[in-house]
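Let's take a friendly walk through this model together. Keep the sequence and the 3D view open beside you as you read.

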Amino acid sequence: MKAIVVGAKGRMGAHVLTALENAGVECVAKVDGFYEETKGNQYKSLAEVDVKADVLIDFSFHLLIKEICEFVSKTGIATVIATTGHTAEEKQMIYDLANKAPVFYSGNYSLGITMLCDAVKRVVAAFPDADVEIVETHHNRKADAPSGTAKMLFEAVKEVRPDAVEVDGRSGICKRTKNEVGVNAVRMGNIVGIHEVIIGTDFEQITLKHEAYDRAMFAQGAVKAANYLVGKANGLYSMKDLLCDK
């Protein structure tokens with residue numbers, strides 16, 4: 001398998017390059033606007049990439065999704081989108097792209113988070129009248145809030161509680177509504193990622209928590225997704241598909 005990595009010069013890009021090497025996958029193109037010049041297998045933009053590959057792995061910035069979609073639409077290359085913070089319009093670009101190529105899209109590439117989402121659905125379904133709160137904590141350099149993972153967890157709640165309403169943060173003077181699910185973001189230090197879902201009634205409380213210790217975990221998950229995706233039919237795939245295929 002040959003891969004293109006977008007965002008190769010970033011923190012996560014470096015982890016992806018290491019994960020690819022450890023998996024015996026050749027990276028034929030490293031793409032990042034922070035390269036001083038296009039040289040060898042390093043490219044300042046996708047438009048300059050002139051080599052063939054089996055899969056593209058994106059760990060860049062959400063604003064690059066248009067450029068990625070244009071490239072993938074032309075090449076039909078399998079694509080793993082691991083960037084978060086996309087706007088509703090940008091997400092629609094990704095969904096539309098799945099009609100032209102196999103696309104793997106997830107807010108988190110940790111198997112543990114996938115299991116957490118499943119556990120959240122089970123517990124929330126068992127306590128239909130419980131209050132639900134989501135708290136996510138990340139390092140102080142993370143720009144988007146709430147995190148893509150927190151939004152995944154809210155969607156897990158909404159699957160079993162269709163009337164759930166996402167409330168990002170809380171301020172002012174107003175009572176908590178029955179269908180409200182608070183999603184709260186904390187930014188501090190060098191924390192890789194902590195996600196907690198608190199399900200509470202008047203009589204008891206259950207807290208489901210996942211803590212990431214090393215960013216390399218997300219890169220390894222993205223490479224596993226890439227291996228899974230190559231050869232698949234056009235369509236949108238997620239960690240659920242990867243888990244169910246095991």
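In this predicted model, E136 and R187 pair through their side chains in a salt bridge, with 2.8 Å from N to O. A salt bridge here is a side-chain nitrogen of Lys or Arg within 4 Å of a carboxyl oxygen of Asp or Glu. Because E136 sits in strand β7 (residues 131-138) and R187 in strand β9 (residues 180-187), the pair ties together parts that are 51 residues apart in sequence. Helices (H or I, at least four residues) and strands (E, at least two) are DSSP runs, numbered from the N terminus. E136 counts as buried, at 0% relative accessibility, whereas R187 is partly exposed, with a relative accessible area of 25%. Buried means under 20% relative accessible area, exposed over 50%, and partly exposed in between (1.4 Å probe, protein chains only).

A word on the ground rules: residues are numbered from 1 along each chain as its sequence is written, and side-chain values use heavy atoms, leaving out hydrogens and water. As this is a predicted model, local features need pLDDT of at least 70 and side-chain atom pairs count only at pLDDT 80 or more, while totals for chains, interfaces and linings use all residues.

**Salt bridges**

By the salt-bridge rule, the count comes to 11. Side chains of opposite charge can pair when their charged atoms come close.

| Pair | N to O distance |
|---|---|
| E136 and R187 | 2.8 Å |
| K142 and D144 | 3.1 Å |
| K151 and E166 | 3.3 Å |

Both K142 and D144 are buried. K151 lies in helix α5 and E166 in strand β8 (residues 165-168), so this pair ties together parts that are 15 residues apart in sequence. K151 is partly exposed at 29% relative accessibility, and E166 is partly exposed at 26%. Salt bridges that share partners also join D131, E133, R170, R176 and E180 into one network.

The axes of helix α4 (residues 111-126) and helix α5 (residues 148-160) come within 8 Å and cross at roughly 35°. Axes are lines fitted to C-alpha atoms, for helices over the stretch in contact, and angles run from 0 to 180 degrees between N-to-C directions. Among the residues that meet are I113, L116 and V120 in α4 and M152, L153 and A156 in α5; contact means heavy atoms within 4.5 Å. The residues of this contact divide into 11 nonpolar, 1 polar and 2 charged. Ala, Val, Leu, Ile, Met, Phe, Trp, Tyr, Cys and Pro count as nonpolar, Asp, Glu, Lys and Arg as charged, and the others, Gly among them, as polar.

Not counting residues up to four places away in sequence, F59 touches several residues, including V6, M12, F218 and A222.

**Two prolines**

The peptide bond from A145 to P146 is cis, with omega near -5°, and P146 lies in the loop between β7 and α5. P102 is placed in strand β6 (residues 102-105) and is buried, with a relative accessible area of 6%. The C-alpha atoms of P102 and E204 are separated by 44 Å.
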